[in-house]
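Thanks for coming. I will go through a few local features of one structure, starting with charged pairs.

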Amino acid sequence: MGFFDKIFGSYSDKELKRIDPIVNKIESLEPEMAKLSDEDLKNKTNEFRQRLSSGETLDDILPEAFAVCREASYRVLGMKHYRVQLQGGVILHQGRIAEMRTGEGKTLMATLAAYLNALPQKGVHIVTVNDYLATRDRQWMGKVYEFLGLTVGTIVHGMKANERKESYNFDITYGTNNEFGFDYLRDNMVIYKEEMVQRDLNFAIVDEVDSILVDEARTPLIISGQGSESTELYMRADTFAKRLSSRIIEESEKTVDPFDREFKEETVDYLIDEKAKTASLTDNGVRKAEEFFNIENLADSENLEIAHHIKQALKANSNMKRDVDYVVKDGEIIIVDEFTGRMMLGRRYSEGLHQAIEAKEGLEIKKESKTLATITFQNYFRMYKKLSGMTGTAKTEEEEFREIYNVDVVEVPTNKPVIRVDENDGIYSTEYGKFLAVIEDIRERHATGQPVLVGTVSIDKSEVLSSMLKKERIPHNVLNAKFHEQESEIVAQAGRFGAVTIATNMAGRGTDIVLGGNPDHLAKMEMKKKGYTEEVLEHVDSFADTADEEILEAREAYKNIVENYEKDLKEDARKVIEAGGLHIIGTERHESRRIDNQLRGRAGRQGDPGSSKFYISAEDDLIRLFAGERFKDVMDKSQVEETESIENPILTKLIETAQRRVESNNFAVRKNVLKYDDVMNKQRGIIYAERRKVLDGEDIRDDIQNMISGIISDEIDFYISGKLEESLKDYDGLNRVLEEVFGFSAPEFNILKDIKNSDELKEKVLELAQRKYSEREDQFPPDTFREVERVVLLQVVDEKWMDH
């Protein structure tokens with residue numbers, strides 16, 4: 001916080017003061033709501049809807065609606081919203097971003113704005129980062145909405161169209177950004193309106209908004225169809241790439257003046273630029289390529305396809321790392337999200353890179369794809385009438401949220417003061433020395449029983465650390481994209497006495513680590529082992545009325561198991577607190593400061609004790625590629641042992657500067673992606689609007705007549721009009737077009753042959769074309785022909801749009 005913020009109050013302080021009267025009103029309604037019976041509380045939903053239809057606004061009923069949702073949550077989940085959550089709920093309803101620390105209850109906070117905005121029955125979308133969280137939150141918070149008479153759905157990977165349509169028609173729908181975006185694109189490719197699944201985009205609450213609207217915004221959503229590329233060339237290019245020698249370009253080489261340097265002949269076949277993630281052939285490599293592919297000149301236009309395949313094969317073999325950028329699972333290449341460490345199911349690299357990686361890994365090579373429809377996340381989410389979001393880390397990207405999405409960020413205070421201790425970074429000369437220090441830190445803390453969560457930037461690094469811990473015989477769990485299915489089980493144990501958990505960044509999103517362990521989760525895991533179904537387990541922790549004997553019996557069993565675990569874990573929790581709470585170890589600084597803050601935020605939730613420390617080495621990618629020579633110079637002057645830590649404020653500043661530089665570069669990339677998509681977005685809007693008219697059943701006969709008239713005018717102008725000399729007029733060319741497009745033959749050409757004036761010709765051709773169209777129309781019943789017009793028009797427009 002700056003000097004003037006401390007004196008006059010920050011922007012967030014001022015905004016929170018403005019909504020304080022609303023929050024006071026909500027809290028004042030608590031006694032009144034507590035007196036209502038379950039039935040009266042449920043009936044409030046219908047009452048609100050009647051008041052809205054009578055002319056009241058959502059703002060008018062906000063305090064009462066929030067108070068109803070708050071009371072329902074207490075009765076159904078046993079959780080009542082804190083004041084800070086009420087403040088966050090108002091911010092969400094206003095179409096803004098609420099920045100709230102990890103563990104402060106963002107998931108529960110969202111129920112307030114979701115309930116209020118679902119009352120007009122226009123749909124509310126709650127957007128999560130993965131299917132696991134969408135399903136979890138729907139099952140968890142869905143109990144509150146259903147208690148109040150609302151319908152709740154989920155959109156996850158693998159659902160059928162009819163199931164999706166049903167879920168979208170519910171009052172509140174949980175799902176991932178990918179699923180919502182892809183459904184929008186698919187809806188604009190259907191031939192019949194009944195095949196569309198989404199309603200109009202009304203209100204979205206985006207959970208982990210920085211991850212979805214910033215980190216993932218560099219990659220547009222693309223729906224692809226199969227192309228007809230040969231797979232043999234990918235194999236040949238991969239075989240060729242594996243035979244070549246290479247070297248990594250040093251950063252110092254890029255700063256040398258190209259007009260004032262000593263030229264040296266390259267001895268390797270290709271150069272790798274780690275920073276730009278590219279690889280390029282040297283003169284040696286080009287000669288070998290021409291020899292290998294038996295061509296004279298690789299630069300010839302006829303060899304562009306070969307050159308492209310070589311480029312992608314080099315990138316696949318040098319820049320794309322297994323268990324960092326992607327994993328191999330069930331014979332498929334699955335992309336790993338660099339920010340969350342989660343597998344991105346259904347996503348494929350474009351421009352043949354995915355096929356090049358398949359060739360590199362010796363897998364079946366799928367056909368190259370052809371783009372059928374595409375949109376950026378920026379342009380998708382800007383279509384919502386109202387957009388809001390919540391996260392623990394958004395302030396660093398506020399400029400981007402304002403500029404691109406027109407939403408501001410308001411920081412919501414914590415319910416209890418944060419007492420976590422953030423230690424200074426430990427900086428080492430080598431990665432090996434750094435890892436030894438990490439292992440030593442884990443060993444010391446594990447000996448006291450303090451739980452430790454170790455964050456790594458890749459699957460590869462998490463497995464290196466795991467093998468080192470195994471050698472030291474320190475028991476631990478590993479949480480990365482390879483073990484996604486066990487995520488909830490591993491996270492539930494991460495706060496237990498003596499627990500050591502190694503995790504990629506995925507652990508920092510949407511999961512809560514309870515000191516001593518999570519009794520609710522452990523109880524459910526035990527009941528699952530005893531044979532209780534998922535349907536029954538969904539209701540065991542609900543307080544909603546039911547006459548179902550199976551659920552009532554399961555609730556009793558669940559209550560007893562939770563009580564037993566609470567007794568066991570209470571002592572564990574006390575011991576964990578005495579040991580210092582959860583300790584976070586970051587094994588590397590991430591490119592984004594927000595990801596580091598997310599990892600730190602796993603400790604010290606709700607006033608718990610905790611600590612964090614980052615370990616950094618001069619060999620880390622961020623340092624090598626972005627901190628520059630100055631970092632290396634300071635390290636060299638320090639002359640420390642491999643296992644000795646350096647604490648130098650200059651180095652810490654250089655690391656932060658490197659992170660800011662990367663964040664700035666990434667913002668520029670996202671703006672560039674958006675700039676290109678903005679051009680297409682205007683065209684996309686027109687095409688999709690016209691498609692919608694056709695789908696809605698509007699009579700398009702007049703539109704088709706206008707198209708016929710336009711084609712005739714354009715073709716006659718092209719072949720006949722404007723030609724000064726008669727010899728330049730191409731009547732044969734015009735006749736070919738009229739034959740191909742309108743089916744003209746000898747009778748029509750005989751009528752037209754003596755007409756020389758272009759305006760008269762246009763008039764006569766239009767008359768004959770309309771006669772031909774009417775003849776074809778008379779061959780079908782009217783409704784059938786209208787349907788043929790519709791389907792053919794949509795298919796042609798889609799084909800042209802794809803080619804465009």
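Which residue forms a salt bridge with Asp137? The partner is Arg136, with the closest N and O atoms 2.8 Å apart. Bear in mind that this is a predicted model. Asp137 counts as buried, because its relative accessibility is 2%. Arg136, at 21%, counts as partly exposed. The cut-off matters here: buried means under 20% relative accessible area.

The structure holds 47 salt bridges, and I will show a few others. Arg322 and Glu361 meet through their side chains, at 3.0 Å from N to O. Arg322 sits in the loop between α15 and β10, and Glu361 in the loop between α16 and β13, so this pair ties together parts that are 39 residues apart in sequence. Arg322 is partly exposed, at 42% relative accessibility.

Next, Glu767 and Lys764, whose side chains form a salt bridge at 3.4 Å, N to O. Both residues belong to helix α31, residues 758–778, and they are 3 residues apart, about one turn of the helix. Elsewhere, salt bridges with shared partners link Lys44, Glu47, Arg51, Glu56 and Glu64 into one network.

Now helix α12, residues 232–242. Its buried residues are Leu233, Tyr234, Ala237, Asp238, Phe240 and Ala241. Looking down the axis of α12, these fall within an arc of 160°, so they line one face of the helix. The cover over them includes β8, α14, α15 and α16.

On to a hairpin. Strands β10 (326–329) and β11 (332–336) run antiparallel and are joined by 4 bridges. Tyr326 stands opposite Ile335 of β11. The hairpin has 2 residues between the strands, and Asp330 takes a positive phi near 50°.

Ser617 is in strand β22, residues 610–617. Is Ser617 buried or exposed? Ser617 is buried, with a relative accessible area of 0%. Leaving aside residues up to four places away in sequence, Ser617 touches Tyr428, Thr430, Glu431, Lys434 and Ile623.

Last, the surface. Phe780, Val788, Val792 and Val796 make a nonpolar patch of about 280 Å². Val792 lies in helix α32, residues 782–803, and counts as partly exposed at 44% relative accessibility.

Definitions and conventions: Residues are numbered from 1 along each chain as its sequence is written. This is a predicted model: local features need pLDDT of at least 70, side-chain atom pairs count only at pLDDT 80 or more; totals for chains, interfaces and linings use all residues. Side-chain values use heavy atoms; hydrogens and water are left out. Patches are made of residues with over 30% relative accessible area and no salt bridge: like charges are joined within 9 Å, nonpolar side chains (Val, Leu, Ile, Met, Phe, Trp, Tyr) within 5 Å. Accessible areas come from the Shrake-Rupley method with a 1.4 Å probe; for residues, only the protein chains shown count as cover. A salt bridge is a side-chain nitrogen of Lys or Arg within 4 Å of a carboxyl oxygen of Asp or Glu. Buried means under 20% relative accessible area, exposed over 50%, partly exposed in between (1.4 Å probe, protein chains only). Two strands pair if DSSP finds at least two bridges between them. The arc is that of the directions from the helix axis to the C-beta atoms. Contact means heavy atoms within 4.5 Å.
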